[in-house]
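Subject: Handing over the structure

Hi,

Here is the structure I promised to pass on to you. Have a look at it first, and then read on for what turned up in it.

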Amino acid sequence: MIVRDIRPRGFCKGVHFAIEKVKDILKSNEYPKPIYVLGYIVHNKHVVDELTELGAITLDDRSKSRMAFIDEIDSGTIVISAHGTPIDVIEKIKEKNLSLVDATCQDVYVTHDLIKAYLNKGYHVIYIGKKDHPETNASLSLGENVYLVEHASDIKDLDIKEPVFVTNQTTFSIKDIFNIHLALKDKYQDIIITEEICNATRIRQNAIIKSNEDVDLCYIVGDTRSNNSKNLAKLSKEITHTKTFLIQSVDDINPIDLKDVKIVSVSSGASTPEYLTKEVIAFFKSYSNNN
Ligand code: SF4
């Protein structure tokens, strides 16, 4: 069995920055303790568990809003995750005089700046993103004239005035966004579209498309909450028509799936630690030698 190690993969600059930021402030005496992280710092449970062991407290409960968490905290430091957080939550943190550390990726802020600029010019803004994702929630919080589109099928129900400005979640699929842009151009005449898929996402998605042509089976190592990991798996299935599994670690591999497989490929999401992917590749190499 040939094992194809798809590159680039794994941590992007924004994820690396956010994780190191939390580690730095945990070690520093400058920041009031405890150190709270608002939501998963990046969407990977192994990363969150590691930071918990180092002393961080991750505030994450899908039945509870970020604002509700902040309401209950009266001291310590709040870290904003790489995805950003709604502006009213940031205002509340400041209002309560809590120490604030912002680990939002700069690429996310590029879309925020665009949204704010076009809202100021009187445009209605369409944000293409995944519903209820923290990055989407942060972007939608920037003004009441920001509207979410998740699928091309959402567009027919949109009732907004032109001019229209369109931007998107940084980890969206390059395939899906293309189709949504086409549908939007069909509906609106006075429209400006910027495509803000971040470079890290784009090159990881393109690498899958390029590398999977002759592959029998593909494994994406990533958390089921990670939008960029899910989109890598989705593109592998939809564009290269490769049987694909999204796995959290080597423990999720079922050897039954490897029967008759001649080429297996491996990639990972931008929030997946390298050691998890290396363990998966090592498993396939040893499986290959022993079968
Ligand atoms: S995937 Fe893109 S937007 Fe998200 S943290 Fe990485 S570089 Fe930033």
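His 241 is exposed, because 10 other C-beta atoms lie within 10 Å. For that word, the cut-offs are these: a residue is buried if 20 or more other C-beta atoms lie within 10 Å of its own, exposed if 12 or fewer, and partly exposed in between, with C-beta atoms placed from the backbone. His 241 has a positive phi of about 55 degrees although it is not a glycine, and its place is the loop between H9 and S11. Helices (H or I, at least four residues) and strands (E, at least two) are DSSP runs, numbered from the N terminus.

Before going further, please keep in mind that this is a predicted model: local features need pLDDT of at least 70, side-chain atom pairs count only at pLDDT 80 or more, and totals for chains, interfaces and linings use all residues. Residues are numbered from 1 along each chain as its sequence is written.

Asp 260 also has a positive phi, of about 65 degrees, and is not a glycine. Asp 260 sits in the loop between S11 and S12 and is exposed, with 7 other C-beta atoms within 10 Å. Two cis peptide bonds are worth a look as well. One joins Arg 7 and Pro 8, with omega about -5 degrees, and Pro 8 lies in the loop between S1 and H1. Another joins Glu 162 and Pro 163, with omega about 5 degrees; Pro 163 is in the loop between S7 and S8. As background, most residues other than glycine have a negative phi, and most peptide bonds are trans.

Now to the sheets. Four strands form an open sheet in the order S1-S12-S10-S11, with parallel pairing; two strands pair if DSSP finds at least two bridges between them. Strand S1 (2-5) and strand S11 (243-247) are at the edges with a single partner strand each, so one side of each has no neighbour in the sheet. From one strand to the next, the twist averages 20 degrees. (Axes are lines fitted to C-alpha atoms, for helices over the stretch in contact, and angles run from 0 to 180 degrees between N-to-C directions.) S1 and strand S12 (residues 263-268) run parallel and are joined by four bridges, and Val 3 has Val 264 as its bridge partner in S12. Helix H9 (residues 227-238) packs on this sheet, where it touches strand S10 (217-221), S11 and S12, and its direction makes about 170 degrees with that of S11. Contact here means that the C-beta atoms of two residues, placed from the backbone, lie within 7 Å.

Another open sheet has four strands in the order S7-S6-S8-S9, and its pairing is parallel. At its edges stand strand S7 (146-149) and strand S9 (191-193), each with a single partner strand, so one side of each is left without a neighbour in the sheet. Strand S6 (residues 124-128) is joined to S7 by four bridges, and the two run parallel; Ile 128 has Val 149 as its bridge partner in S7. Helix H7 (residues 174-187) lies across S6, S7, S8 and S9, at about 170 degrees to S9.

Val 79 stands opposite Val 101 in S5.

What residues touch the most other members of the largest nonpolar core? Of its 48 residues, they are Val 22, Ile 41 and Val 79. A nonpolar core is a set of buried Ala, Val, Leu, Ile, Met, Phe, Trp, Tyr and Cys residues joined through C-beta atoms within 7 Å. H1 gives the largest share of this core, five residues.

Last, the ligand. Of the 15 residues around it, Cys 12, Gly 14, Cys 105, Thr 170 and Cys 198 come nearest; a residue is near a molecule or strand if its C-beta atom, placed from the backbone, lies within 6 Å of it. H1 gives the largest share of the shell around the ligand, three residues.

Enjoy exploring!
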